[in-house]
Amino acid sequence: MRPLLGCFVEIALPVAATGAQTAFNSAFAHIELIQKLLSFHDPASDLSRLNSAQGKAVNCHPLSIQCLRLAQAMTRVSSGRFNCTLGAALTARGALPNHNFQNLYGTNLLAYGDWQDIELTRNSARLRKPLLITLDGVAKGFAVDCAVAELKRVGINEGWINAGGDIRVFGEVVLPISVRDHLGFDHLLGGLQNAAIATSTSNASREFPGLLLDSTGDQLVPLTSTVIAHSAWRADALTKVAAATSALERTASLAKLGGRWVPIGNDDQGI
């Protein structure tokens with residue numbers, strides 16, 4: 001376990017795994033790299049440099065481009081229910097740090113935009129409008145997926161990674177999963193195998209500091225969203241889609257986007 005990504009990241013591997021310590025170090029190194037590249041809080045990250053570039057193209061690490069493409073695609077296919085352009089709206093609410101953005105953009109800074117406002121090439125990114133990108137809704141899951149890929153590359157056949165509730169399990173291991181909702185109740189969901197699960201809450205509080213907004217920057221009503229998907233980045237992103245989708249449409253909408261909604265006793269809440 002190490003403190004990374006704004007949480008404690010746990011990696012579990014078989015006791016008898018060959019080269020386990022090397023695998024641990026390599027997986028954690030990949031997570032540290034994602035944190036360095038995509039943190040909104042770090043003014044030197046690729047993401048912060050993009051947000052401060054005032055419309056100019058910024059050369060980025062290939063992993064940064066890959067994560068931006070995933071975030072842009074999910075913003076598009078979810079019709080903005082997941083919206084990676086809400087950085088200014090979250091900054092205005094104090095949920096994200098203000099890296100001198102007001103002095104850079106003044107009153108031109110937009111609270112939100114859409115997927116078409118992001119221009120990506122093989123090695124660069126540019127924002128077509130004065131807005132701020134946040135990858136907080138996808139980067140943690142993306143880091144988990146990158147670490148799992150690295151573990152498999154070095155010959156680890158099973159294990160799991162838990163980054164503050166963004167969990168991915170691979171191989172033969174079955175991991176018991178329990179979720180605590182925004183009301184403080186625990187829900188035992190059963191075992192997870194060869195899949196990822198993520199949980200987000202749209203109710204900001206001292207115990208649950210997360211803040212979820214709709215596509216135009218308004219705060220969503222309290223709801224704990226748990227989603228299972230093949231990859232951790234998708235499960236992570238789809239919890240935001242779930243929170244912004246009506247209860248009647250939630251299950252079908254998530255299925256179309258590659259996820260499975262997990263009711264945990266509060267599915268009568270939400271919009």
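This is a predicted model: local features need pLDDT of at least 70, side-chain atom pairs count only at pLDDT 80 or more; totals for chains, interfaces and linings use all residues.
Local features need pLDDT of at least 70, side-chain atom pairs count only at pLDDT 80 or more, and totals for chains, interfaces and linings use all residues. Residues are numbered from 1 along each chain as its sequence is written, and side-chain values use heavy atoms, leaving out hydrogens and water.

Among the buried residues of α1 are Ala20, Phe28 and Leu38 (buried: under 20% relative accessible area; exposed: over 50%; partly exposed: in between; 1.4 Å probe, protein chains only). The buried residues of α1 pack against β1, β2, α2, α3 and α6.

Next comes Cys84, in the loop between α3 (62–77) and α4 (87–92). Cys84 is buried, with a relative accessible area of 0%. Not counting residues up to four places away in sequence, Cys84 touches Ala71, Gln72, Thr75, Ile118, Leu132, Ile133 and Thr134 (contact: heavy atoms within 4.5 Å).

Finally, strand β8 (residues 175–180) has Leu175, Ile177 and Val179 on its covered face, and Pro176, Ser178 and Arg180 on its uncovered one. Six bridges join β8 to the antiparallel strand β9 (residues 186–192); two strands pair if DSSP finds at least two bridges between them. Leu175 has Leu192 as its bridge partner in β9. Five residues lie between the strands of this hairpin, and Gly184 in the turn has a positive phi of about 95°.

Methods: Helices (H or I, at least four residues) and strands (E, at least two) are DSSP runs, numbered from the N terminus.
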